[in-house]
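Let me put the model up, and then we'll walk through a strand and a helix contact.

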Number of protein chains: 2
Amino acid sequence: MQLLQERIIKDGIVKDGDILKVDSFLNHQIDIDLYDKIGAEFKRLFLGKNINKILTIEASGIGLACVTAQHFHVPVVFAKKTLSKNLDGETYLSSVYSYTHQKNYDVQVEKKFLTKDDRILIIDDFLARGKALLGLIDIVEQSGASLIGAGIVIEKGFQEGGAIIRNMGVDVKSLAIIDSMENGKIVFRNL
Amino acid sequence: MQLLQERIIKDGIVKDGDILKVDSFLNHQIDIDLYDKIGAEFKRLFLGKNINKILTIEASGIGLACVTAQHFHVPVVFAKKTLSKNLDGETYLSSVYSYTHQKNYDVQVEKKFLTKDDRILIIDDFLARGKALLGLIDIVEQSGASLIGAGIVIEKGFQEGGAIIRNMGVDVKSLAIIDSMENGKIVFRNL
């Protein structure tokens, strides 16, 4: 997605440790017009797939999932990272390791919100080592729903997540894949 | 907002401890068409106020803020609840007590995303005792931005948050105010 690549070049900041900060437009401050174009692109990429529900994970996936859902006219379900007394139904649970926060955490979805009749599109902002996405895929599999695909905004193609998950047969579509960002220079894969 | 009240009556579940579960349409599974109507209503309520940015707090505020922002055509900033190595700029920070999780947590916004020239609308799903909203107001005040108002989807009018914050002079507009939910019966305030 050309517009997204240009924006990453313009406003993304590469930091030590393979960190790409895009918090001025994607995941702390949000450019809502860009989100809308991202949602339209996911709709184009998964057109005719009869998706009836979008699944994401809190926090930064939620806004993207909601704006994308407007293009599909389907509900969103977001997996929760914290247990609360408000989450008391039976849940599908998966344990995910976060490299950002350097700890394991549980992600959960109440069972009543995913059924075997659902046709799920997963949406998230980043795919790097793939732990969060694997957790969501695990939850979809537990529910018996059909996983139609995963729409990712930025994939770090030099990390293993994308290859692992595509090798599982999941239809992963990333709008920008970064093959390298050594010395602060971002190199995109041709898509 | 009549449609919202009807939905709360139809799908909301009242539980012990003054808990109202609306997770089938508002904050776990999301009815995106309802979100869109909520966003349109906030636009109507704050029309002509020259709002240039919407502020919310992760997680369940983000989707509402994004869909509302589409009606205002302004960016969203969401306050973060967790420190991470990706959040390394200087931040505005406020400490918030969560009754749901029964602990204090810090909420933070990078300073570069709120300036004294901003005219802020805060959006959140719930207002009860008001701790999260007070934290966001504190952050807006630290930044020197103008707080134009707060748009809340569901206010528990029998708890003190709404009165405290309106007494501070904040223009709080709630789409549904619940005056009582004793014995599972939800009574709305006439708006």
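Quick definition to start: two strands pair if DSSP finds at least two bridges between them. Strands (E, at least two residues) and helices (H or I, at least four) are DSSP runs, numbered from the N terminus. Bookkeeping: this is a predicted model, with local features needing pLDDT of at least 70, side-chain atom pairs counting only at pLDDT 80 or more, and totals for chains, interfaces and linings using all residues. Residues are numbered from 1 along each chain as written, chains are lettered from A and ligands numbered from 1 in written order, and side-chain values use heavy atoms, with hydrogens and water left out.

So, β8(A), residues 119-127. Strand β4(A), residues 53-57, runs parallel to β8(A), joined by three bridges, and K53(A) sits opposite I120(A). β8(A) also pairs in parallel with β9(A), residues 146-156, over eight bridges; there, D124(A) faces I152(A). Getting from β8(A) to β9(A), the chain goes through helix α4(A), residues 131-143, in a right-handed β-α-β crossover (clockwise from first strand over the helix to the second, strands pointing away from the viewer).

Now, across to chain B. Helix α3(A), residues 61-72, packs on α2(B), residues 32-45, at about 105°, axes 9 Å apart. Axes are lines fitted to C-alpha atoms over the stretch in contact, with angles from 0 to 180 degrees between N-to-C directions. That makes the two helices roughly perpendicular (65 to 115 degrees). C66(A), A69(A) and Q70(A) meet I32(B), Y35(B) and D36(B), contact being heavy atoms within 4.5 Å.

Note on methods. Parallel < 35°, antiparallel > 145°, perpendicular 65-115°, else oblique.
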